[in-house]
Amino acid sequence: MSSAKRSHLAGWLTGKGIELGALHQPLAVPAGVQVEYVDRLSVADLRRQYPELASLDLVPVAHIGSAEDLADIADSSVDFVVACHVLEHIEDPTRALREIHRVLRDGGIFFCALPEPRVTFDKERQPTTVDHLVRDHANGSTSRREHFVDWVENVERHQPWWAEEPPDPLKRVELLLDMDYSIHFHVWRPDTFLDYLGAVRNAQGIEFELLDFAGCQPGVDDEFIFILRKGVAPVPVTAPALSNPWFNPALTGDAAPATPHPLGARQALRDTVRAGRVAAASVRAAGQRRLQRARSGR
Ligand SMILES: C[S@@+](CC[C@H](N)C(=O)[O-])C[C@H]1O[C@@H](n2cnc3c(N)ncnc32)[C@H](O)[C@@H]1O
């Protein structure tokens with residue numbers, strides 16, 4: 001995990017939002033940005049699930065529930081959703097994407113960090129296919145046991161502790177199922193994740209526009225990050241500081257939305273200051289042009 005990469009891309013976040021599954025590593029957000037934490041388990045249950053984190057602080061969980069059902073969060077109510085190393089833990093990520101899309105306001109940001117399988121314990125596993133994800137979602141029930149078998153055979157079996165005292169693989173599967181252990185149900189590379197997003201868009205109408213991306217830097221970190229926007233912007237959004245529709249010359253007055261400012265108060269303030277400077281510069285330029293015309297007698 002590279003905090004520099006995460007911090008850089010966190011610059012896309014403004015206003016109020018939620019982070020799913022932050023656990024002991026909440027995303028550091030810019031000053032003034034407000035975050036509430038969501039997890040499938042309470043802090044007490046997370047402590048039981050992750051005893052290895054006993055010495056670390058966990059975030060306060062404000063909403064307990066699966067990302068597949070964010071029922072207590074209203075439609076279009078948040079400016080952003082963060083999920084770092086969470087989507088791969090979700091049995092039916094299509095349901096989670098639908099929920100993330102539902103709670104985001106139009107133009108809201110989905111900050112999605114995923115582990116890069118080629119440099120993590122998932123390296124022996126096959127990337128999850130789009131067909132698999134579509135089938136699981138359509139069936140309404142996921143191939144839960146199959147995922148745990150894949151985990152035991154292709155992750156745990158390759159860990160050093162397995163060689164020291166190999167457990168019975170089937171018993172191990174049962175134990176993890178009993179514990180409701182949070183395995184990586186799915187495995188994506190950046191390209192296969194984009195295939196999946198395309199399929200979700202085509203089949204479910206869940207539309208995210210890709211705004212930014214940072215790939216894994218082997219040896220430095222183990223993840224890739226997508227910055228996704230709910231819906232497609234009327235003009236390309238290139239960077240947070242340039243994405244104010246009131247100040248984007250490509251937008252006409254008709255196309256600019258009336259209220260509220262989509263990027264939150266801090267961004268609005270930055271943009272207002274910048275717009276003020278530009279306005280002052282154009283007044284100066286107009287004055288100079290008038291002066292030149294007067295001098296040249298035109
Ligand atoms: C590997 S930890 C990620 C911790 C942290 N975000 C990070 O970047 O390292 C996975 C987190 O996702 C949570 N989680 C797993 N399945 C979930 C689900 N269906 N809904 C919400 N949270 C879930 C886990 O409880 C845990 O807090």
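A residue is buried if 20 or more other C-beta atoms lie within 10 Å of its own, exposed if 12 or fewer, and partly exposed in between, with C-beta atoms placed from the backbone. Helices (H or I, at least four residues) and strands (E, at least two) are DSSP runs, numbered from the N terminus. The model is predicted: local features need pLDDT of at least 70, side-chain atom pairs count only at pLDDT 80 or more, and totals for chains, interfaces and linings use all residues. Residue numbers start from 1 along each chain as its sequence is written.

Start with strand β7, residues 223–230. Eight of its eight residues are buried, so β7 is largely enclosed by the rest of the structure. Look at its two faces. On one side, Glu223, Ile225, Ile227 and Arg229 are buried. On the other, Phe224, Phe226, Leu228 and Lys230 are buried too.

Which strands pair with β7? Two strands pair if DSSP finds at least two bridges between them. Strand β5 (residues 104–115) is antiparallel to β7, with seven bridges. Here Ala113 has Ile225 as its bridge partner. Strand β6 (residues 208–214) also runs antiparallel to β7, joined by six bridges. Phe213 stands opposite Phe226 of β7.

Now move to strand β1, residues 16–20. Four of its five residues are buried, so β1 is largely enclosed by the rest of the structure. Its pairings are parallel. Five bridges link β1 with strand β2 (residues 34–39) in the parallel sense. Leu20 faces Val38 in β2. Strand β4 (residues 78–84) runs parallel to β1 as well, over four bridges. Glu19 has Val82 of β4 as its bridge partner.

Next comes a loop residue. Thr128 sits in the loop between β5 and α4 (130–139). Is Thr128 buried or exposed? Thr128 counts as buried because it has 22 C-beta neighbours inside 10 Å. Val187 is 59 residues away along the chain, yet the C-alpha atoms of Thr128 and Val187 are 5.3 Å apart. Contact means that the C-beta atoms of two residues, placed from the backbone, lie within 7 Å. Leaving out residues up to four places away in sequence, Thr128 touches Leu133, His186, Val187 and Trp188.

Finish at the ligand. A residue is near it if the residue's C-beta atom, placed from the backbone, lies within 6 Å. The ligand is surrounded by 18 residues, the closest being Gly21, Leu23, Ala67, Cys84 and His89. The shell holds nine nonpolar, six polar and three charged residues. Nonpolar covers Ala, Val, Leu, Ile, Met, Phe, Trp, Tyr, Cys and Pro; charged covers Asp, Glu, Lys and Arg; the others, Gly among them, are polar.
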